[in-house]
Amino acid sequence: LPACRDSKLFIKDLHFDEVPVRIYLPRVPSASKRRGVIFFHGGCGMFGSIRSYERICRYIARKSDSVVVSVGYHLSPERKYPAQTLDCLTATVHFLKTAENYGVDPDRIIVCGDSVGGTFTASVCQELVNRKDIPKIRAQVLIYPFLQALNFNLPSHQKNAFIAFLSRERTVHFILKYLKKDCSMKEAILAGSHVPESTNLKYKKWIYPDLIPEIFKLGYKPPLPTSLLPQVHEETKELFETRFSPLLAEDAVVCHLPDTCIITCEHDVLRDDGLLYKKRLEDNNVKVTWHHMEEGFH
């Protein structure tokens, strides 16, 4: 939908340091400064737009009486990774610095996103952990986020391998498209042949089926061992960056993250990404609210 008149909201298209945004401001005057919500839309970094999330952002602004900023980060392949994350970071920093211009309390701003928007949310919050020159993010909301590209054989990947819309195979296909890589590497990545044994051992403490609660492991079968394909590993090193796989961030970063809300869906290959991040945050004494949609799809 285009930006058009809303009886309860002022809606403006702006640019925050050259990043397109649409801002939703409640029309009713407020006695005090309002909360702010920065929203990153989903779509694998290649699809989606401010316009396609118009109804959602209006709803959030009206129901929470908050000022919502929807970020129109530039999409791949026209803009190569990590342009998307950097756009989200740029827009967030701009809003944190200028929040009061929009009647927003800079200490009450949350960052929110769905799917890859949840990836960008997690990444932005991690990158801002050590910034002293801007207000701290109050909270992050991760809606069925993608958080790691090491293991595509977790229980949720197996259970929902052929689920409608976002199958296991399509997930890796989109990842390779997003990174402008050769899609013929898909099967090798699905098997785990892009990950050196030393890397698997290093991150086993954070990404491992045994860390998933038993209730979510019904029917799970450990995958057959595979050998490393060095060429595939070299071609896909971006998958190991914390910007791409926020679950790989060190505890020294994770322990400083803001209060977190994680939403997972049962019929979703990415369910276990959310469950593993929930555990990591809780292990680092970060306050987590978790909502699991038993009948929910990605």
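Predicted model: local features only at pLDDT ≥ 70, side-chain atom pairs only at ≥ 80, totals over all residues.
**Exercise 1.** Determine where Glu266 lies, whether Glu266 is buried or exposed, and which residues Glu266 touches.

*Solution.* Start with the secondary structure: Glu266 belongs to strand β7, which covers residues 259-267. Next, take the relative accessible area, which is 13% for Glu266. Buried means under 20%, so Glu266 is buried. Then list the contacts, leaving out residues up to four places away in sequence: Lys159, Asn160, Phe216, Arg271, His292, Met293, Glu294 and Gly296. Finally, look for a side-chain partner: the side chains of Glu266 and Arg271 form a polar contact at 2.9 Å.

**Exercise 2.** Describe the volume and lining of the largest pocket.

*Solution.* The volume of the largest pocket is about 630 Å³. Its lining has 25 residues, and those closest to the centre are Asn151, Glu197, Asn200, Tyr208 and Pro223. Sorted by class, the lining comprises 16 nonpolar, 6 polar and 3 charged residues. Helix α7 (residues 197-203) supplies the largest share, 4 residues.

**Exercise 3.** Find which elements give two or more residues to the lining of the second largest pocket, and give the classes of the lining residues.

*Solution.* The second largest pocket holds about 270 Å³ of space. Its lining consists of Arg35, Gly36, Val37, Tyr59, Ile60, Lys63, Ser64, Ser66, Arg108, Ile110, Cys112 and Arg138. Elements that give two or more of these residues are β3 (34-40), α1 (54-64) and β5 (104-114). The largest share, 4 residues, comes from α1. By class, the lining has 5 nonpolar, 3 polar and 4 charged residues.

Methods. Residues numbered from 1 in each chain as written. Heavy atoms only, no water. Buried < 20%, exposed > 50% of the residue type's maximum accessible area, 1.4 Å probe, protein only. Polar contact = N/O pair within 3.5 Å; in protein donor to acceptor, adjacent residues only side chain to side chain. Contact = heavy atoms within 4.5 Å. 1 Å grid on protein atoms, 1.4 Å probe; cavity = no way out; pocket = protein on both sides within 12 Å on 5 of 7 lines; lining within 4 Å. Points joined across faces, edges and corners; volume = space filled by probe spheres on them. Nonpolar A, V, L, I, M, F, W, Y, C, P; charged D, E, K, R; others polar.
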